[in-house]
Amino acid sequence: MMSEKVPVLILMTTYNGEKYIQEQLYSIINQSYKNWRLLIQDDASNDNTLHILKQYENTDKRIHVLINNSDRHGAYYNFWSLIAYAKTIEKCTINGVKIE
C-alpha cells in the first residue's frame, strides 16, 4: 500500500466527454488514496464537458482544468502538451510535499 505522504499527479485529457466525465471524476475522487492532484486539459469540446469540469474544479481544490486554446488539436497533441505543462510545474505542493 502506498504511503499517503507520497503525492500523486494524475493527468487527464478530454474532448466531448460529457457522457462519461462525471463517472470518471467520481471514480478518482472516491479512491481511498486522497493525496493526489488532477490536471485535466480539455481539447476545445463543443458539448458540456468543460462546464462539468469547471463545476468539479470549483468544489475540489485538487482538480485543475486547463483548456487547449492552441491551433493544434487531437488526442496525441492534447495529452503530450499536458505532459509538457506538468513538467514545467517547478514547485507544486500537495499537503506540503513538493512534486518536482
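**How the helices and the sheet fit together**

Helix α2 (residues 49–59) lies across β1, β2 and β3, running at about 150° to β3. The model is predicted.

Me: How do you know that α2 runs at about 150° to β3 and lies across β1, β2 and β3?
Reply: Angles run from 0 to 180 degrees between N-to-C directions. The value for α2 against β3 is about 150°.

Me: What angle does α1 make with β1?
Reply: Helix α1 (residues 21–29) runs at about 175° to β1. The scale ends at 180 degrees. Helix α1 also lies across β1, β2 and β3.

Me: Why are β1 and β2 called paired?
Reply: Two strands pair if DSSP finds at least two bridges between them. Seven bridges join β1 to β2, so the pair qualifies. The two run parallel. I10 stands opposite L38 in β2.

Me: What makes β2 and β3 a pair?
Reply: The threshold is at least two bridges. Strand β2 (residues 36–42) and β3 have five, in the parallel sense, so they pair. I40 stands opposite V65 in β3. D42 has I67 in β3 as its bridge partner.

Me: Why are β1 and β3 called edge strands?
Reply: The sheet is open, with three strands in the order β1-β2-β3 and parallel pairing. Strands β1 (8–14) and β3 (63–67) each pair on one side only. Neighbouring strands are turned by 20° against each other on average, direction ignored.

Me: What makes β2 mostly covered?
Reply: Buried means under 20% relative accessible area. Seven of the seven residues of β2 are buried. W36, L38, I40 and D42 point one way, while R37, L39 and Q41 point the other way.

Me: Which residues of α1 are buried, and how do you know that they share a side?
Reply: The buried ones are I21, L25, I28 and I29. They cover an arc of only 95° around the axis, so they sit on the same side of α1. The buried residues of α1 pack against β1, β2, α2 and β3.

Me: Why are E23 and Y26 called exposed, and where do they sit?
Reply: Exposed means over 50% relative accessible area. E23 and Y26 are exposed, on the face of α1 turned away from its buried side.

Me: Why is the β1, α1, β2 unit called right-handed?
Reply: The test views the strands pointing away from the viewer; a clockwise path over the helix is right-handed. β1, α1 and β2 make a right-handed β-α-β unit, and β2, α2 and β3 make a right-handed one as well.

Terms used:
Residues numbered from 1 in each chain as written. Predicted model: local features only at pLDDT ≥ 70, side-chain atom pairs only at ≥ 80, totals over all residues. Heavy atoms only, no water. Helix = DSSP H or I, 4+ residues; strand = E, 2+ residues; numbered from the N terminus. Contact = heavy atoms within 4.5 Å. Buried < 20%, exposed > 50% of the residue type's maximum accessible area, 1.4 Å probe, protein only. Arc of directions from axis to C-beta.
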